[in-house]
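Please have the model open as you read.

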Amino acid sequence: MPIVKPVQSAVADHKRLPSALQISIIAGLVPLLLIIASQAFADAGLWRSEGWQTDFSKSSIEFDEILSGGPPRDGIPSIDNPQFVAAKDITDLGPLEPVIRLDINGDIRAYPLQVMTWHEIVNDEVGGTPVAVTYCPLCNSALVFDRRVGEQLLDFGTTGKLRNSDLVMYDRQTESWWQQFTGNAIVGELLDTDLRMIPSRVESFERFAKANPDGKVLVPNNPNMRRYGSNPYVNYDSRGAPYPLFRGDLPSDIGPMVRVVVVKQDGEPKATTLTHLRDQASVKLGDVELTWESGQNSALDTSRIAEGKDVGNVVAYQLNADGSRGDEAVYDVTFAFAFLAFHPDAEIIQE
């Protein structure tokens, strides 16, 4: 099967924002103000003037890699006191709408992307484990992290910053900055600390509710706070390239917006295109088996998430020594441009 390797080329035009981009940041839908290059880059002095107490002397990145996404710190507010309703009592989710399914010690919960799109982070405790459930729409990256670092219990918010179009989180205890895509602290006191990723899956609400009628489903604390159920990134996953908020090099031998399934284990991540997985129904990446079944709306297609195109359901299983399926493994379904931005030497299997 062919292998795709990243190629440094095809830098996006960053001076024009497509008029279709409408992102809500406070109430209702308002245009996100993208700042031109000379204004979008920030530095430690500017960030300190914004009130950050972060230790900017500790960093593993170049500061000019970080852009303002528009909203200020916590302008996209995390959910810190999540509320839930049993799946059997939910009436305002379409059957194929995507939810992040999390099961820890039999405590099974679902976090709908129609809510996560507007909040991006939920600080929760599931099955006795403090977790941060996260979703970055611009990368379509849905990951769950253990909020414990040594003896510290952290809770997370949004910085309002992006790196490689990915959410930069911060913890409220040390104000260190964390890359959502990798779970790594990139700036601050906890520099180079890695959050432990917890297996989860994105599946349709119908699949979740059928298997877990009493499972807990996240609901908005204030249903009128945002336009829940709507997608502010209309047709994003049909674009030829990410928004100009991405300033990296684009790959030339795979479409930047091609969905790829990434297995995130120790060592180098492995990836295959979602199309290849769909065509094969099952693909093995190392000691992880991926499966695909139809029946899940894209959260980044039509204006109503419940009407989005079918991208299917992916499950990742850790394989035992005898080749049988074991526990679920950590995986992510993201865009090729984002995967290669963070893992430029990685390979992507294509059909």
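Two strands pair if DSSP finds at least two bridges between them, and strands (E, at least two residues) and helices (H or I, at least four) are DSSP runs numbered from the N terminus. This is a predicted model, in which local features need pLDDT of at least 70, side-chain atom pairs count only at pLDDT 80 or more, and totals for chains, interfaces and linings use all residues. Residues are numbered from 1 along each chain as its sequence is written, and side-chain values use heavy atoms, leaving out hydrogens and water.

Strand E17 (residues 216–219) runs antiparallel to E3 (residues 83–86), joined by 4 bridges, with Ala86 opposite Lys216. E17 also runs parallel to E5 (residues 107–112) through 2 bridges, and there Ala110 faces Val217.

Now to the rings. The structure holds 15 aromatic pairs (Phe, Tyr or six-membered Trp rings with centres within 6.5 Å; planes under 30 degrees apart are stacked, over 60 edge-to-face, the rest tilted). Two edge-to-face pairs are:

| Pair | Centre distance | Plane angle |
|---|---|---|
| Trp52 and Tyr170 | 5.0 Å | 90° |
| Phe84 and Tyr111 | 5.8 Å | 85° |

Trp52 and Tyr170 are 118 residues apart, and both are buried (under 20% relative accessible area; exposed is over 50%, partly exposed in between, with a 1.4 Å probe and protein chains only). Phe84 in E3 and Tyr111 in E5 are 27 residues apart in sequence. Phe84 is partly exposed at 23%, whereas Tyr111 is buried at 0%.
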